[in-house]
Every structure is written in structure tokens, then in C-alpha cells.
Amino acid sequence: MLETYRGIPHLLDTWVVLTGMTVPIAISSARRPGSPVPRIAALLMPAAFALILAATLSPTSHRLPGIGSCGTHLTTTGGLTSIQGLLNVLLFIPAAGLLTLASGRPADGIAAGIGMSAAVEAVQALIPPLGRSCQLHDLIANTGGAFAGVGLAAGLQVALRAATRPVILTNPGYVVEHSAILVRRPAARHRRPELAPVLAKARPVARAR
């Protein structure tokens, strides 16, 4: 469950620390050969995933007695229509979108979003001292955010392909006519009318008996 930012006292500190730990990975991914968009996405992607971990697994002031229990009611506090539910959706959009741009495969962003959301909810259910509650609507909201991020990334990829597609300026009629001129033999064509009267006046050669 993603608590509001007021309930996470060290959200920014945790995110900065986690992002700093992933800087070598980000730089190494950004130095790979290829177009600039996947490299920039690979550079920013670790920070997006670090934000998810900081926002969902940082300890809060709440204390939950139960272990391994998850709420399954979609109408509970923090549901899909609340501000907290909207934050759960927005939290997974950058990570899933950047992973899709970095790998070029939308399935990677969807699988990572669903898998990470399920892992977060499982950790929240198994470690009550975190002060987090496992909720079904959080999993649905996170999955929706992952699909939204993948959709935005896929739209950006289509737009980039259309913008960088080479334009081939060819005239099929001209090409066909030009190739026909190259293949045709003008001399042989003009020689036929000249030889026709000569052949018509020529007498047949009598066969020797």
C-alpha cells in the first residue's frame, strides 16, 4: 500500500540513497551503443524503480498486528478512486514506460510492473513492522499504471519511427521508361524499315536441279 507522502517521513532520503546505489548501473546502461532514446531511458530507469521501492517499502509510523493478510475489498480506504489510488497508478507509469523504451519490448514493461507490484504487496504482508497493508486494489492500480506507462512508451516509439523513417523519392514511370531505353536497341529498330524494300525486290534464288 502506498501511503501518502505525509505518512512516509524518510521518502526523499530513501529514494536518494537507492538512486545513488544504482548510478553505476545507470551509467553503464547509458553507454551502450544505439539510438539516444533507449540510452536516456536506461539512464533514468533505475531512479524510477528506486522511487517505487522507496514509496512502497519505507517504514511508516503505523503498526499492523497481522502477518500475511491482504485486503480484497475494492471499496476500502485508499481505493482506486481516491488520491492514494491515483498515486499508485502514477507511481508505476515512469518505470514501466522507461523499461519499454530501454528494451524496445512492451512485454518487459508489463511483466516488470505486474511482478514488482505483486512482490511489493507480498513484502508488505509478510513484514508488519513496515506499517504497510497489502491491498488488492493497490495491485490493480499498480498494474494499470504499468499498462499506461507501456502505452505511452509504445506511442512515443511509433512517433519516433515515423519521424526518422527515410523518404525515398522515386518515380516508377521514369524508372521503367529509363530502364526500357537502356534495354532497347534503337539501331536495329530503324534498320528494319530500310531493309524491307530491298527484301521485297530481291528475287528468289532458283534451286539447282
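**Entry 1: overall layout**

I started by noting that the model is predicted. I then listed the secondary structure and found 8 helices and 2 strands in the protein. Read from the N terminus, the order is α-α-α-β-α-α-β-α-α-α. I checked burial next: of the 209 residues in the protein, 32% are buried. The exposed surface comes to about 13700 Å², and carbon and sulfur atoms supply 69% of that area. I also looked at contact range. Taking contacts between residues at least 6 apart in sequence, I found that 81% join residues at least 24 apart.

**Entry 2: helix α5**

I went to α5, which covers residues 106–126 and has 21 residues. Its first and last C-alpha atoms are 31 Å apart, close to the expected 30 Å. Which of its residues are buried? I noted G109, G113, M116, S117, V120, E121, Q124 and A125.

**Entry 3: helix α6**

The buried residues in α6 are H137, D138, A141, N142, T143, G145, A146, G149, V150, A153 and Q157. Their cover includes α4, α5 and β2.

**Entry 4: the nonpolar core**

I looked for the largest nonpolar core and counted 19 residues in it. Which members touch the most other members? They are F49, I52 and M116. At least two residues of this core come from each of α3, α4 and α5. The largest share, 8 residues, is from α3. As background, nonpolar side chains tend to be buried together in soluble globular proteins.

F49 is in contact with A95, L99, A112 and M116.

**Entry 5: A95**

I turned to A95, which sits in helix α4. Buried or exposed? A95 has 3% relative accessibility, so it counts as buried. Not counting residues up to four places away in sequence, A95 touches A48, F49 and I52. I also took the C-alpha distance from A95 to A41. The two are 54 residues apart in sequence and 9.4 Å apart in space.

**Entry 6: N88 and D138**

I stayed in α4 and picked N88. N88 counts as buried because its relative accessibility is 1%. Its side chain makes a polar contact with the side chain of D138, at 3.4 Å. D138 is one of the buried residues of α6.

**Entry 7: salt bridge**

How many salt bridges does a search of the whole structure find? I got 1. D108 forms a salt bridge with R105, and the closest N and O atoms are 2.9 Å apart. In general, side chains of opposite charge can pair when their charged atoms come close. I checked the exposure of both partners. D108 has 25% relative accessibility, so it counts as partly exposed. R105 is partly exposed too, with a relative accessible area of 48%.

Methods
Residues are numbered from 1 along each chain as its sequence is written. This is a predicted model: local features need pLDDT of at least 70, side-chain atom pairs count only at pLDDT 80 or more; totals for chains, interfaces and linings use all residues. Side-chain values use heavy atoms; hydrogens and water are left out. Helices (H or I, at least four residues) and strands (E, at least two) are DSSP runs, numbered from the N terminus. The expected span of a helix is 1.5 Å times one less than its number of residues. Buried means under 20% relative accessible area, exposed over 50%, partly exposed in between (1.4 Å probe, protein chains only). Contact means heavy atoms within 4.5 Å. Accessible areas come from the Shrake-Rupley method with a 1.4 Å probe; for residues, only the protein chains shown count as cover. A salt bridge is a side-chain nitrogen of Lys or Arg within 4 Å of a carboxyl oxygen of Asp or Glu. A nonpolar core is a set of buried Ala, Val, Leu, Ile, Met, Phe, Trp, Tyr and Cys residues joined through side-chain atoms within 4.5 Å. A polar contact is a pair of N or O atoms within 3.5 Å; within protein, one must be able to donate a hydrogen and the other to accept it, and residues adjacent in sequence count only if both atoms are side-chain atoms.
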